[in-house]
Amino acid sequence: MMKNIVVLMVFQVFATTFCSAQVDSFAQETAKASSRQQEVIKKADNYTIQRLIIYKGNQILLEKGQNGWMTPALRSNENQSLKEGLDSLAKAIGLTVKIVKLSGVYTYKFKNLPDHKEVSYRTHYTAKYLNGEIIQPKQPDREYKWFAIKDVVNNIRNEALKKETAQILMYPNTLWGGSFLHTFKDGEFESVVMTEDFYPLSDQ
């Protein structure tokens, strides 16, 4: 009888250890799978940005954020069509617009930025204001404001965006291309250079 009890106890210890190991193994595999899934999701976001140059007579709308004044933008990582995305961007501002045309497709590459190895694009669309009143953001450091066309470029601090926007405003009837290389050091932005000068993708 005592021998049977000892055998049973040994079996219980073995079973508990085995099950615990199996649970740990399963948890580790689940964590790895979750990590791989997150990596896939992260890679699916190539940091492509859609920008809207909204005309209201002789004015253009700019958005003030962490990097200063810029044309309003939408990150292309949602399950939306092109038109849905642009319409939702304008609607969030409180405006209804008519998309006129694609005006710029610029390529961005990044150096020394491990989590941003993909090439990304900055697409610029011109639009006409139809109606609506601006809904100002609740964040104290954000703001929307209409600028005279002649003052738009001087108020944009980002060098790449400044050049992109200036080219479109100077030659509005042409669809423009061009490329920029952004260099980082220790995770901080260091410089940007234009690696391909502006070139026409089409004339309209």
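Select F184 to start: at 13% relative accessibility, F184 counts as buried. Buried here means under 20% relative accessible area, exposed means over 50%, and partly exposed lies in between (1.4 Å probe, protein chains only). This is a predicted model, in which local features need pLDDT of at least 70 and side-chain atom pairs count only at pLDDT 80 or more, while totals for chains, interfaces and linings use all residues. Residues are numbered from 1 along each chain as its sequence is written, and side-chain values use heavy atoms, with hydrogens and water left out.

**The aromatic pairs**

F189 is partly exposed, with a relative accessible area of 47%. Rings of Phe, Tyr and Trp (its six-membered ring) pair if their centres lie within 6.5 Å; planes under 30 degrees apart count as stacked, over 60 as edge-to-face, and the rest as tilted.

The structure holds eight aromatic pairs. Go to W69 and F147: their ring centres are 5.0 Å apart and their planes stand at 75°, so this pair is edge-to-face. W69 sits in strand β3 (residues 68–70) and F147 in strand β7 (residues 143–148), 78 residues apart, so the pair links distant parts of the chain. Strands (E, at least two residues) and helices (H or I, at least four) are DSSP runs, numbered from the N terminus. Both W69 and F147 are buried. Return to F184 and F189: with centres 5.7 Å apart and planes at 75°, their rings are also edge-to-face.

**A lysine over a ring**

Select K56 and Y129. K56 lies over the face of Y129, at 4.8 Å from the ring centre. The criterion is NZ of Lys or CZ of Arg within 6 Å of the ring centre and within 35 degrees of the ring normal.

**The cores**

Next, show L62, V152 and L169. These have the most contacts inside the largest nonpolar core, which has 22 residues. Such a core is a set of buried Ala, Val, Leu, Ile, Met, Phe, Trp, Tyr and Cys residues joined through side-chain atoms within 4.5 Å. Helix α4 gives this core its largest share, five residues. A second, separate core of 14 residues includes I54, L61, A90 and V97.

**Last stop: I135**

Find I135 in the loop between β6 (120–132) and β7. At 48% relative accessibility, I135 is partly exposed. Its C-alpha atom is separated by 7.5 Å from that of A92, 43 residues apart along the chain.
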